[in-house]
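Reader: I'd like a close look at one part of this model. Please take me through the surroundings of the ligand, and then the sheet that goes with them.

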Amino acid sequence: MTQNVRELTEEGVEARLAEVLGQERFAPPVTFADDAEITDPGIRARAAADPVGYWEGEARKLRWSTPWTTALNDAEAPFYRWFEGGRINISDNCLDRHVEAGLGDRVAYHWHGEEGEERDVTYAELLDRTARFAGALRALGVREGDVVGIYLPMIPEVVVAMLACTRIGAIHNVVFGGFSAGSVAERMEISDAKVLVTVDGSRRKGRTMPVKPEVDSHMGHLAGLEKVVVVRHAGIDVDMTDGRDVWFDEALDAADPVDPVPMDAEAPLFILYSSGSTAKPKGIQHTTGGYLTAITTTHRQAFDLKPDEDVFFCTADVGWVTGHSYIVYGPLANATTSVMYEGAPDYPHKGIWWELVERRKVTKLYTAPTAIRACMKWGVEHVAPHDLSSLKLLGSVGEPINPKAWLWYWHVIGGERCPVIDTWWQTETGAIVVTSLPGIDDAKPGSAGHPLPGFEVDVRDAETGDVVPEGEGLLAIPRPWPSMLRTLYGDPDRYVSTYWERFGKETYFVGDSARVDADGYVWVIGRVDDVINVSGHRLSTAEVESAIVAHPQVAEAAVVARADDLTGQAIIAYVTVQQGGDPCDALADEINGEIAERIGKLARPKRIVFTQDLPKTRSGKIMRRLLRDIAEDRDLGDTTTLADPGVVATLQEQYRAGA
Ligand code: WT7
């Protein structure tokens, strides 16, 4: 089918979606299946027969300087070790190996700036800059095992900084640019970072925001932070502190390139802080050999990669695990060409992604349901002017994708030629765990499908812990996998208690509920802990609550999630004020300011509801279930266990009145 997207109309799309809504299965489009790389339906069964042997085979496709002696050591479970005794360097596998194979001129990133700037970075150039920045880091005193913080926008320097760390065995700790400098300071402090790589300022929708001055005002007290490296990007004046601050380009120019250092397979590669059930973020720690193995394999299989032909566009930010794994490490290890976009999906206009797809002839697109729903809302007029016929496959990640968004993506963006893969995974898993093999599996809109080869998942009864062959329960991973997190940085006890107590030290507790159907398809439902998923961004209720109560006029706060058409979930905050406090709009603004300062703007509630009281049990526990029911306008059911049942009735009336 040739696609003429110009004929797209809102009515035509609606009519087509009405036709296919309810269709349970979508076979791989014939044109795709005929040309697919992975066509062997026995691949899962063979991997399942000998998973460790299967992963060894995958690991051998990488360049190791010393082979491993033990593929999987489970003697100290749940502290599993993969490819023990092996030595490997990640930047060597992502760069040197390809340049030596003659791919130096291949573009690694087609970078596109917000204001229309274009810059191609080849593998040779990336290698040169990485080797020199690694030298610069060394000159600044960074040694193997030291932590380097990275707080940068979506610019090629972020990749250089990450790879330079891997080259010399430093551990990177990237913080998403949307988090506040306050939250960066917290993450630098708890990871004991020695160096921070940041930027003069960042650009967002035509505005320039100072970053370095923010860093200065929040980071000054950190005794362990010895150096701050500043990338020139937004062209704003910043103060440089003598002896502490250096310019990225000057450091790079002055440095001697360094060769990759062979690292222990189990050497820490990075820490990525993510939200958990408490206010303290979890430092999810990944290691070298196993992570690279699983990332390289899953990127190749899920996206049915053809490295010589594909142009891969992952719209995530490098500050999240999706960016780490599928903008940086997977694509580079597979010698892929990627598109990297600095800006927001609606700047300079709501069709910018489609303009980039057309301009760069993108073949594989990887984005999130929340973005797809936003595009649906903006309308097909922003898609129609662009030729999207280069696209071959579409991916989704971050939250369950509702069938309507799935079908819109498949029809409007993919022209019904492209399989849509729904990829389920987490920061903790490092790599995609559950998704369709696009040339083989039928897709069921709303289901992520089956685990990829070498992975296993099951669903367990919440009471007994028994495996549920068909039905609903808690998602679990009953077998270690190479890219699993190894620990929580500096907190091994929390690692064990969070993930390995519920089902024992052999079975990983995911924290999601899911249903498995008669065909073995996995349907992920959502989190079972106090984690909220706003636009695919993971936030903790406790973290937001503690930012709210930091305001001097606030007495108590309870934060819950409510379903939202656009962002998947939205944050609703119920707040009581101190004696003499004034629950007004100005206070709500100040609370929002507090949240933006401590966490980041992305954590601001959709609604702040001031209340006299919060519904509590007689023992004083806040009944969050009732607060969720109020936010989603459900019947409140049994409220007899409350200390004061009148509280919820008042609150419900108040909520409805303000809705
Ligand atoms: C949580 C992990 C994996 C990168 C982005 C988020 C939810 C993620 C899906 C999906 C249903 C999904 C889960 C998971 N989630 N992908 N395809 N279908 N739910 O990483 O911040 O670590 O969040 O996101 O609840 O546990 P993360």
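Author: Start with the classes. Ala, Val, Leu, Ile, Met, Phe, Trp, Tyr, Cys and Pro count as nonpolar. Asp, Glu, Lys and Arg count as charged. The others, Gly among them, count as polar. By that scheme, the shell around the ligand holds six nonpolar, six polar and five charged residues. Keep in mind that this is a predicted model.

Now the shell itself. It has 17 residues, and D422, T423, T427, R527 and R538 come nearest to the ligand. Three elements, α12 (321-333), β21 and β26 (522-527), each supply at least two residues of the shell.

Next, some contacts. A backbone N or O atom of T423 lies 2.7 Å from a nitrogen atom of the ligand. For G398, a backbone N or O atom is 3.1 Å from a ligand nitrogen atom. R538 uses its side chain: a polar atom there lies 2.7 Å from an oxygen atom of the ligand. On its own, the ligand has 560 Å² of accessible area, and the protein covers 96% of that.

Follow β21 into its sheet. Seven strands form this open sheet, in the order β6-β5-β18-β17-β19-β20-β21, with mixed pairing. The edges are β6 (118-122) and β21 (420-423), and each pairs on one side only. Neighbouring strands are turned by 20° against each other on average, direction ignored.

Strands of a sheet pair through backbone hydrogen bonds, either parallel or antiparallel. Take β17 (residues 311-314) and β18 (residues 337-341): they pair in the parallel sense, over three bridges. There, V311 stands opposite T337 in β18.

Technical notes:
Residues are numbered from 1 along each chain as its sequence is written. This is a predicted model: local features need pLDDT of at least 70, side-chain atom pairs count only at pLDDT 80 or more; totals for chains, interfaces and linings use all residues. Side-chain values use heavy atoms; hydrogens and water are left out. Two strands pair if DSSP finds at least two bridges between them. Helices (H or I, at least four residues) and strands (E, at least two) are DSSP runs, numbered from the N terminus. Axes are lines fitted to C-alpha atoms, for helices over the stretch in contact, and angles run from 0 to 180 degrees between N-to-C directions. A residue is near a molecule or strand if one of its heavy atoms lies within 4 Å of it. A polar contact is a pair of N or O atoms within 3.5 Å; within protein, one must be able to donate a hydrogen and the other to accept it, and residues adjacent in sequence count only if both atoms are side-chain atoms. Accessible areas come from the Shrake-Rupley method with a 1.4 Å probe; for residues, only the protein chains shown count as cover.
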